[in-house]
Amino acid sequence: MGDLVQLKSFGLTESEVFGALGRVKVRDVDYADLYFESCVSESVSMEESLVKRATKSVSQGVGVRATAGEKTGFAYSDELTKKDLELAADTARYIANSPGGTNTVPVPVHHRPTRDLYPIDRTQAEVATAERVSLLNAIDVEARRYDPRIKNVMASFNTEYKVVMVATSEGTLVGDVQPLSRLQVTCIAEENGQRQAGSFGGGGRVGFQFYYEGDRYLRFAREAAREAILNLSAVEAPAGVMPVVLGGGWPGILLHEAIGHGLEADFNRKKTSAFSNLLGKRVASDVCTIVDDGTLPGRRGSLNMDDEGTPTGRTMLIEQGILRGYITDKLNARLMGIPLTGNGRRESYQSVVLPRMTNTFMLAGTSDPEEIIRSVDRGLYAVSFGGGQVDITNGKFVFSASEAYLIEGGKVTRPVKGATLIGSGPDILTKVSMVGHDLKLDEGIGTCGKDGQSVPVGVGLPTIRIDEITVGGTQR
Amino acid sequence: MNQQIQQRDGYGQLALDLLAKAKRSGATEADIIIADGETFSVQVRLGAVDRLTKAREKRLGLRVFVGKRSASTSTSDFSVESLNHLVGETCTLAKAVVEDQVSGLPVADQMAGEIPDFDLYDSTRLNTEQQIELAKRVEAAAMSTDERVTNSEGGDFDSSSGRVVLGNSHGFLGEYQSSSFSMSVSPIATDPETGAMQRDSWYAVQRKFAKLDSPEAVGLEAARRTVRKLGARKVATQRVPVVLDPEMAGSLMGNLCGAVSGYALYKGASFLAGQLDKPLAPDYVTVYDDGRVVGGLGSRPFDGEGLPTRRTTVVERGVLKSYLLDTYSGRKLGLASTGNASRSVGENPSVGPTNFYLAPGTKTVQDIIKTVKQGLYVTDLIGFGINMVTGDYSRGAAGFWIEGGELAYPVEEITIAGNLKEMFAGIEMIGNDLVFRGRITSPTVKIAEMMVAGN
């Protein structure tokens with residue numbers, strides 16, 4: 001794992017890198033870092049039973065950053081020339097109001113991440129295109145075999161192999177290899193001129209064999225087909241306030257939108273979050289304990305270290321209903337005087353570091369999931385979702401169901417069409433009255449957007465009951 | 001032509017060299033896109049510089065066809081060794097996928113001939129101090145007009161410029177430059193009684209620096225939009241008329257744009273599949289996609305495949321008259337490209353709008369609101385609750401409750417739901433307030449009725 005071997009792969013020596021850092025870390029700069037990244041992404045996709053598209057993209061570059069007080073100077077380049085480093089140094093110098101010159105930074109200490117959460121052989125990450133093609137072909141066959149009403153199957157398999165290296169003015173040099181892959185299946189079903197879609201997918205920081213374990217790829221195909229067929233018979237969704245039971249796994253997107261973003265340190269330092277000043281206060285019912293954990297092996301949201309070289313960890317966000325902590329990067333931890341949690345992330349060398357979630361989930365409770373459904377007389381049971389969004393400042397969040405059912409008289413009855421659920425972040429978890437013992441993490445499809453930057457994340461949830469939330473259907 | 005090419009700088013020649021190399025490596029057809037540019041962005045928060053970002057970047061994308069098989073690759077490494085490797089690798093990748101009968105470049109005689117100048121480039125360069133000053137002014141204007149504005153997510157000023165070089169094995173070689181200047185501010189207002197916060201923002205974006213609104217005008221509008229949200233509440237669940245402000249009506253046009261994209265249509269993934277020449281909306285609804293607006297934010301002289309852009313009437317007097325197509329999706333549907341190939345370097349072409357807009361009507365926004373006894377004026381929509389296959393629509397909303405033809409009070413934590421087909425058919429009035437603030441724009445739109453879910 002990452003040290004001099006990787007630095008060499010960027011065509012650089014240690015003295016060049018730390019010489020550049022010295023140029024950036026002028027007087028009054030609190031912190032500076034260089035983030036080197038090299039990334040190979042490959043994608044194959046299938047539709048109409050033909051794998052007809054293949055793409056490959058190679059990118060390499062460096063992001064140079066300096067912080068002074070609350071200010072950040074940032075420059076990036078796809079070339080590591082003297083000119084580019086000068087541009088970076090000038091940008092950094094400007095924000096620090098410091099004269100130029102060369103300063104020394106401490107002699108580098110090499111930190112290897114002490115663990116490897118995704119020890120994947122490069123041959124497992126870079127499988128031949130022919131193998132990817134046969135994976136997709138098998139998915140097409142399986143989905144169409146599920147039901148003759150499946151009229152089109154679209155599937156894609158994407159991999160990314162990212163090598164990163166972070167050199168900091170604190171004198172650390174640390175690197176990581178971050179493989180990531182995802183298999184996504186969408187089916188279109190048609191009956192009597194009516195069409196519906198269903199989607200399913202998953203992945204993580206895993207090798208190619210992951211998709212074959214227990215015929216996982218075929219299950220993805222059947223799940224996408226099942227959802228499309230199910231939605232053919234879906235009735236209009238109800239509108240208004242009602243109890244909602246969320247199934248385990250991906251519905252954990254509730255936590256990501258309702259509270260996760262609101263607990264990112266930048267918004268709280270600036271006091272623009274609906275959660276500002278709520279540390280130590282009750283923001284959820286006492287059956288809710290929620291963590292952000294970047295240390296789960298092989299997970300899509302996991303990292304050995306964040307993009308500032310800090311080892312990731314498990315951060316208690318809400319403990320039995322009480323707000324315990326924010327997730328931080330170096331800048332915000334320093335300015336707020338709170339612990340560094342290893343959540344400083346960036347989409348690429350072209351983006352600045354922001355505090356971001358990793359895998360965010362609620363710990364299991366004690367209720368029996370079936371008992372939770374039986375407790376609802378009239379409501380919604382939602383088991384799969386599309387995307388969500390939140391307004392950090394007023395706390396209002398939405399997430400949209402893609403597979404949901406009516407609960408009538410304590411029983412799950414008819415499937416309903418997708419509907420958006422809307423609530424208020426600091427308030428919604430106080431309405432969680434039951435938490436199941438069936439914690440499930442999602443399959444590995446989540447991508448979180450913030451400030452125009454996308455990063456892979458995970459979520460998880462046991463079955464829970466929310467006593468009331470507004471369901472945005474069309475029927476009274 | 002050769003003379004002309006020799007006078008170009010390296011990128012045109014580079015494209016020609018690589019196209020020749022691709023042919024030698026077994027490609028029957030190929031195209032290359034090279035994009036480079038620089039960006040400078042300043043964010044100011046509470047009067048002090050928060051973030052400065054400067055960058056230069058470049059990228060090259062190669063697409064090859066080996067018979068009816070094709071693959072695309074991209075790189076930011078322009079070294080001879082790396083590019084030679086890329087050409088070989090792309091041809092190998094193409095041989096690994098199956099034949100696709102309709103794949104290929106556009107027909108040679110349809111390539112753009114003249115490269116028109118739509119005035120997309122401004123050579124104005126602002127220095128660091130000037131950009132910081134503009135960002136400070138837009139934020140200061142937002143913070144100083146109303147004491148309920150208590151905080152800020154910051155004021156931004158961004159400038160960028162770049163060029164695109166596109167060449168293909170038909171001998172087409174085109175190039176254009178473009179620039180963009182934008183500013184925005186996101187003030188936060190606090191309710192003096194409850195302490196509840198609201199945020200909104202406003203922005204200006206232009207290809208020419210001189211055409212930007214003043215920072216003071218942008219800041220003032222941002223403050224107005226933010227303060228008016230204070231005291232927002234929920235309303236009861238009910239079916240009412242819904243008026244979309246121009247920004248939100250623009251998002252509805254964005255949904256239309258997605259539904260008429262050739263790729264969604266041939267896959268059966270659009271609710272408008274098979275609807276060409278059928279009525280979509282009342283006869284006062286006309287929608288254009290015009291790639292040739294002088295100075296337009298979505299204008300370009302040729303599309304991502306080198307075909308000339310054009311003005312397409314998408315909806316004419318309520319009837320769906322045209323899809324938006326590139327060569328591939330057009331061939332799948334048995335239609336000609338509409339010059340809407342959109343190309344991000346390294347991806348296969350897809351379909352994208354140029355300047356896509358709903359033609360304005362004659363009513364003022366006040367006239368439109370006046371016609372609503374009880375209803376909703378929407379200024380914010382959040383979430384992704386749109387099923388493009390069926391048109392089912394359900395999104396989080398905020399805005400104002402309309403009572404007796406006037407905006408009565410702000411509302412939030414509600415949803416609006418319906419089906420896009422019914423929403424387009426239900427367009428009752430169109431405002432006269434069209435302003436080109438982006439690539440997809442609209443005036444105010446009134447929809448006859450939607451379900452509002454709240455209490």
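Entry 1. I looked up two helices of chain A and found that α5(A) passes α6(A) in a right-handed crossing (right-handed if the near helix is turned clockwise from the far one by less than a right angle; helices are DSSP runs of H or I with at least four residues, strands runs of E with at least two, numbered from the N terminus). The model is predicted: local features need pLDDT of at least 70 and side-chain atom pairs pLDDT 80 or more, while totals for chains, interfaces and linings use all residues. Residues are numbered from 1 along each chain as its sequence is written, and chains are lettered from A in the order in which they are written.

Entry 2. I noted that α5(A) covers residues 129-146 and α6(A) residues 216-232, with axes 8 Å apart and an angle of about 40° (axes are lines fitted to C-alpha atoms over the stretch in contact, and angles run from 0 to 180 degrees between N-to-C directions).

Entry 3. I turned to the two chains: 66 residues of chain A are in contact with 60 of chain B (C-beta atoms, placed from the backbone, within 7 Å). Strand β2(A), residues 50-68, supplies the largest share of chain A's side, 12 residues.

Entry 4. I found β2(A) paired with β3(B), residues 69-75, in the parallel sense over 4 bridges (pairing needs at least two DSSP bridges). A:Lys56 stands opposite B:Thr73 in β3(B).
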